[in-house]
Amino acid sequence: MPRVSPPAQPAGYAFAIWGLIDIWLLVSAGAGLFTARSTDSEWERTRLPLILSLAPGAAWIGVARFTPLWATALIFWMLAAALWALFASPGKDRWLLQAPLALYAGWLTAAAWVSLAFIGAGYGIGPGATGWAVIALAGAFATAALVQTRLSRAPEYGFATAWALVAITVANAGSNTPVAMLAALGAVALATLAWRAR
């Protein structure tokens, strides 16, 4: 059942973060290919998981138009591989490797759970669109809080997920107060964790 502006969906402006993510990952790829980092064993650890995340991601929009169910499975795969890459990234070269990976994985954390909410509501399973939005918010927050707590050297991760939750707050302000409030609380909590990790 198609949904128009479901409560789990962030406000449209939030998707602009993809521009920053893509540019930063391209800069990182250039550094990894054309500098001494091309043979750096610490950079090498991130390459396989990042390829496993980005390569399927190139087809994600096409898959989503054809079958939302497989698109949801694919985005969770992308998230798992992105987190693998992030945890494998070295502490050095933070701005060229760790930070763009963290931003990418943080946004995917929110996107994966939002996608699950679309599937649940779209197939008419369980608690309805608002209930699924709450499930998505809880899942995204729990995942992000766990990762940010265990990986305190990458605050960009928590800030990216908080960015998505703020956009969900904006999208639901005045129309779905429970979802807006829950998203706002989650955003503040994640931003606090990320700020402390800084």
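Is Arg94 buried, exposed or partly exposed, and what is its relative accessible area?

Author: In this predicted model, Arg94 is partly exposed, its relative accessible area being 25%. The side chain of Arg94 forms a salt bridge with that of Glu156, at 2.5 Å from N to O. Because Arg94 belongs to helix α5 and Glu156 to helix α7 (residues 155–172), this pair ties together parts that lie 62 residues apart in sequence. Glu156, for its part, counts as buried, with a relative accessibility of 9%.

The salt bridge between Arg94 and Glu156 belongs to a count of five salt bridges. Another of them joins Lys92 to Asp40, whose closest N and O atoms are 2.7 Å apart. Here, too, distant parts of the chain are linked, since Lys92 sits in the loop between α4 (68–88) and α5 (94–122), while Asp40 sits in the loop between α1 (17–34) and α2 (41–57), the two residues being 52 residues apart. Lys92 is partly exposed, at a relative accessible area of 38%, whereas Asp40, at 16% relative accessibility, counts as buried. Through salt bridges that share partners, Asp40 and Lys92 are joined with Glu42 into one network.

A further salt bridge brings together the side chains of Arg47 and Glu44, with 2.7 Å from N to O. Both residues lie in helix α2, and because they are three residues apart there, about one helical turn separates them. Glu44 is partly exposed, its relative accessibility being 46%.

Conventions
Residues numbered from 1 in each chain as written. Predicted model: local features only at pLDDT ≥ 70, side-chain atom pairs only at ≥ 80, totals over all residues. Heavy atoms only, no water. Salt bridge = Lys/Arg side-chain N within 4 Å of Asp/Glu carboxyl O. Helix = DSSP H or I, 4+ residues; strand = E, 2+ residues; numbered from the N terminus. Buried < 20%, exposed > 50% of the residue type's maximum accessible area, 1.4 Å probe, protein only.
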